[in-house]
Amino acid sequence: MTDQTDAAACLGAVVGSGEVCGTTAAPLTAQLVAALAAAFVDEVGAQSREVLLGHDRGEAGELVAAFTRGAEARGATVVDLGVCSTDEIRFGSGARNAPAARITASSLTMLRAGAQEIGHDHGLGAIRDRAVGYLAAGPAPVATPGRRREFDLLPDYAAGLRALVGLTGIRPLTVVVDAGRGAAAVTVPYVFGDDVREAAGDPAGGASAAADPAETPRAAALTIVPLFFDQGPDLPPHTIDPADPATLTDLRNAVIQHEADLGLGFDADGGRCVVVDETGCVVPSSAIGAVLARRAIASARIEDPGRDVVVLHDLNVSRFVAETIEAAGAAAVPTSVGGSLMRAELRATGAVFGFGYSGDYYFPQFWCADSGLLAALHVLAELGFQPRPLSALAADAMPYAHSGEISMAVDDLPGVYARVVDAYTGSADFEEIDGLTVIGLTSVDEPFWWFNVRPSRTEPERAPQQQQKQVRPELRLTVEAGTPEVMVRIRDEVLALMPAD
């Protein structure tokens, strides 16, 4: 048992404003997870009900057992889904109308029935406070403890995805799929075809990273070239990160090597998808978002020609995204960066689609989940039902010069904002939705430009107080302009206003 004060401190270190996440200094332990699971069951009223539980392929076994133990102690039946992606757990919660949780070695995501969010103002604070007592004294006994059973959700999940995007009739496509040794290694075979083979070899050891496409079976008109579908505790991790080009090297090279029509890369939890065109170039998320937004608007118009259609996007995407949405007769509504914020806005506004610059694509008909695999199916459908290569489609959807997100550590965020305002007063307008957006007052003959500076939302805010003091806050800068020359000029001007390390 743990002292009440110590219990509060331990839980306060891992429960943030919108998530449960451990750090090196404050890891997510089995004791914490068991207490949180018991409190979660109380919060969602899951006594004598089912709670879905999924996890990644990381070292989460002990935490899975701890969650099961804590939930059973409060009378819930834990339905163990095994390895699953983040969108799969949201699908399960929505389709089965059941509370759900997903565990990794350092995080715990919890949902109410119907895939409803649990955030600080929507139950997470209450879960933390109740868990303090359970961590100190153990969960209060119930008359009928819960139990555990296993269930394979993958067939229902795959059928749900395929029902939303039909690929029947597309032209033959060769697709390199990098599963990143993550959840996509399990979900992709179910969606693209049960016989997708595991990758052969390991580039870290000098062997080829991909199987011969001639040896892989076809799923519909798709020839899949698999990368990093292999699993095992002795294999090195393979990260897919849209913000880090180095993690995409194997995918890009394999697309060129196999003369593929495109490549798809999925991050560890399957939530994000990176798309590579036939030349090996990464397709910007804004271009993918513009294409998917246009598809969502068209579908909504078919279902209800007279409805008001809204599409959400965060502030860092290309200006062309809003132009595309508005040209299709819909309203483009900017939102702050963040998955929980996007999902909440989707529910509140009835928007038909939402996406962010980091490569997250949100679908209201899929329980407002951000799904990399559903986004990939839409890309395949868009490409497969017309003759042009992906590079041509991407060029149409990304005509402006965009810097991408530039991260820098700063000590004085207010000071940075003040210098930016002082430098551009009189030559720009200012908006404060998510950080500070500066929009240039340009003439007819001068290309447009804008930039956004905002604090990162992914910093270790849950670390102990002494660790927080050692971490310099990160600022994110995004610049876009009508020409590359103007983009570079504005980018360099803004960077010059930042203090040197």
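Predicted model: local features only at pLDDT ≥ 70, side-chain atom pairs only at ≥ 80, totals over all residues.
**Exercise 1. Locate Cys 368 and Ala 115, and state the phi of Cys 368 and of Ala 115.**

*Solution.* Step 1: Most residues other than glycine have a negative phi.

Step 1: Cys 368 lies in the loop between β16 and β17. Its phi is positive, near 60°. Cys 368 counts as buried, at 5% relative accessibility; the term buried means under 20% relative accessible area, with a 1.4 Å probe and protein chains only.

Step 2: The loop between β5 (107–112) and β6 (116–117) holds Ala 115. Although Ala 115 is not a glycine, it has a positive phi of about 60°. Ala 115 is buried, with a relative accessible area of 0%.

**Exercise 2. Describe the surroundings of Gly 372 and the burial of α4.**

*Solution.* Step 1: Gly 372 lies in helix α12 and is buried, with a relative accessible area of 0%.

Step 1: The C-alpha atoms of Gly 372 and Cys 273 are separated by 4.5 Å, while the two residues are 99 residues apart along the chain.

Step 2: Leaving aside neighbours within four places in sequence, the contacts of Gly 372 (heavy atoms within 4.5 Å) are with Phe 266, Gly 270, Gly 271, Arg 272 and Cys 273.

Step 3: In helix α4 (residues 86–95), 9 of the 10 residues are buried. Among them are Asp 87, Arg 90 and Phe 91.

**Exercise 3. Characterise the cavities, giving how many there are of 30 Å³ or more.**

*Solution.* Step 1: Rolling a probe the size of a water molecule over the atoms shows where empty space is left. On a 1 Å grid over the protein atoms alone, a cavity is a set of points where a 1.4 Å probe fits but cannot get out, and a pocket is an open set with protein on both sides within 12 Å along at least five of seven lines; lining residues have an atom within 4 Å of a point. Grid points are joined across faces, edges and corners, and a volume is the space filled by probe spheres set on the points.

Step 1: There are 2 cavities of 30 Å³ or more. The largest cavity has a volume of about 70 Å³. Two or more residues of its lining come from each of α9 (285–303), α12 (372–384) and α13 (390–397).

Step 2: The lining of the largest cavity has 9 nonpolar, no polar and 1 charged residues. Here Ala, Val, Leu, Ile, Met, Phe, Trp, Tyr, Cys and Pro count as nonpolar, Asp, Glu, Lys and Arg as charged, and the others, Gly among them, as polar. The residues of this lining include Val 283, Glu 382 and Leu 390.

Step 3: The second largest cavity holds about 30 Å³ of space. Its lining includes Asp 87, Phe 266 and Gly 270, and divides into 4 nonpolar, 3 polar and 1 charged residues.

**Exercise 4. Identify the element that gives the most to the lining of the second largest pocket.**

*Solution.* Step 1: About 350 Å³ of space lies in the second largest pocket. Of its 16 lining residues, the closest to the centre are His 313, Leu 315, Glu 431, Ile 439 and Trp 450.

Step 1: Helix α10 gives the most to this lining, with 3 residues.

Step 2: By class, the lining of the second largest pocket divides into 9 nonpolar, 3 polar and 4 charged residues.

Definitions and conventions
Residues numbered from 1 in each chain as written. Heavy atoms only, no water. Helix = DSSP H or I, 4+ residues; strand = E, 2+ residues; numbered from the N terminus. Buried < 20%, exposed > 50% of the residue type's maximum accessible area, 1.4 Å probe, protein only.
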